[in-house]
Amino acid sequence: MKSAIKRAISVILIFAALIVPATFAFASEDYTEYADKLIAFGIIDNGFNTEGRVTRGDFAKYAVKIRGVNVPSEKNPFTDVANDSENAPYIAAAYSLGIMNGVSAAEFAPDEFVTPEQAAKVAVMVSGYGEIAAYKGGYMNTAMSLGMLKDVEPDSDGYLTGGACLKLMMNVLF
């Protein structure tokens with residue numbers, strides 16, 4: 001069932017990428033193919049920054065879009081997330097689905113940058129493998145064994161860049 005869904009998404013993405021012509025100004029050609037597919041599928045926007053670091057708030061948005069769930073309109077539970085911010089409904093959805101937690105019970109830290117460990121947990125949870133993470137030695141080991149972290153390298157300070165985030169999202173989808 002899961003492989004059939006992944007194949008269907010693959011066909012849709014490839015078809016959409018062929019129909020939706022666009023020009024993207026990315027620093028590296030390696031990211032253009034990834035970006036084209038993710039933009040066509042509505043996960044990221046045109047102009048996605050592959051060089052900059054990805055914030056927790058933005059990562060919550062991408063995770064919820066990959067999961068394909070409706071975004072709730074209820075207030076999020078975190079005091080450091082403004083209810084009128086673009087990412088607030090995605091943060092609330094990611095939290096309510098168990099995809100992402102706050103850094104504490106009251107704070108999400110939406111402007112902090114995503115670490116590979118946080119990204120691994122989100123990737124595993126979005127893919128529906130959260131329950132097996134305990135048996136595989138944690139989220140990092142699970143994500144690595146499933147190929148989700150293939151070619152995903154953090155920057156020199158240990159944070160995910162936009163380019164690494166694109167690779168991670170493609171690994172999760174395909």
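## Close-up legends

View 1. Gly158 touches Thr115 and Pro116, leaving aside residues up to four places away in sequence; touching, or contact, means heavy atoms within 4.5 Å. This is a predicted model, where local features need pLDDT of at least 70, side-chain atom pairs count only at pLDDT 80 or more, and totals for chains, interfaces and linings use all residues. Residues are numbered from 1 along each chain as its sequence is written, and side-chain values use heavy atoms, with hydrogens and water left out. You'll find Gly158 in the loop between H6 and H7. Helices (H or I, at least four residues) and strands (E, at least two) are DSSP runs, numbered from the N terminus. How far apart are the C-alpha atoms of Gly158 and Phe113? They are separated by 9.4 Å, with the two residues 45 apart along the chain. Gly158 counts as partly exposed, at 26% relative accessibility. Here buried means under 20% relative accessible area, exposed means over 50%, and partly exposed is in between (1.4 Å probe, protein chains only).

**View 2. The whole chain.** Seven helices and zero strands make up the element list, so reading from the N terminus you get α-α-α-α-α-α-α. Of the 174 residues, 43% are buried. Look at contacts with a separation of 6 or more, and 62% of them come from residues 24 or more positions apart. The chain exposes about 9,200 Å², with carbon and sulfur atoms supplying 52% of that. Accessible areas come from the Shrake-Rupley method with a 1.4 Å probe, and for residues only the protein chains shown count as cover.

**View 3. The largest nonpolar core.** A nonpolar core is a set of buried Ala, Val, Leu, Ile, Met, Phe, Trp, Tyr and Cys residues joined through side-chain atoms within 4.5 Å. Which of the 45 residues in the largest core touch the most other members? They are Ile44, Phe59, Tyr62, Leu160, Leu168 and Met169. Helices H2 (30-40), H3 (56-67), H4 (88-96), H5 (116-126) and H7 (162-173) are the elements giving two or more residues to this core. H7 brings the largest share, eight residues. Zoom in on Leu160 and, again skipping residues up to four places away, its contacts include Gly52, Phe59, Val114, Ala119, Val152 and Leu168.

**View 4. Helix H4 and its neighbour.** H4 has Ala88, Tyr90, Ile91, Ala92, Ala93 and Ala94 as its buried residues, and these pack against H3. Just past H4, Gly98 takes a positive phi of about 80 degrees.

View 5. Thr55 belongs to the loop between H2 and H3 and is buried, with a relative accessible area of 15%. A polar atom of the Thr55 side chain lies 3.1 Å from the backbone nitrogen of Asp58. Beyond residues up to four places away in sequence, Thr55 touches Pro110, Asp111, Glu112, Phe113 and Val114.

**View 6. Salt bridges.** The whole structure holds four salt bridges, each a side-chain nitrogen of Lys or Arg within 4 Å of a carboxyl oxygen of Asp or Glu. Start with Glu33 and Lys37, whose closest N and O atoms are 3.3 Å apart. Both sit in helix H2, four residues apart, about one turn of the helix. An α-helix has 3.6 residues a turn, so residues three or four places apart point the same way. Lys37 counts as buried, at 16% relative accessibility.

Now for Asp155 and Arg53, with their closest N and O atoms 2.5 Å apart. Asp155 is in the loop between H6 and H7, while Arg53 is in the loop between H2 and H3, so this pair ties together parts 102 residues apart in sequence.

Lys61 pairs with Glu86, at 2.8 Å between the closest N and O atoms. That pair links distant parts of the chain, 25 residues apart: Lys61 is in helix H3 and Glu86 in the loop between H3 and H4. Lys61 is buried, at 6% relative accessibility, whereas Glu86 is exposed, with a relative accessible area of 54%. Salt bridges with shared partners also join Arg53, Asp155 and Asp157 into one network.

View 7. Ile132, Tyr135 and Leu146 make a nonpolar surface patch of about 330 Å². Patches are made of residues with over 30% relative accessible area and no salt bridge: like charges are joined within 9 Å, and nonpolar side chains (Val, Leu, Ile, Met, Phe, Trp, Tyr) within 5 Å. Tyr135 sits in the loop between H5 and helix H6 (139-145). Is Tyr135 buried or exposed? Tyr135 is exposed, with a relative accessible area of 74%.

Technical notes
A polar contact is a pair of N or O atoms within 3.5 Å; within protein, one must be able to donate a hydrogen and the other to accept it, and residues adjacent in sequence count only if both atoms are side-chain atoms.
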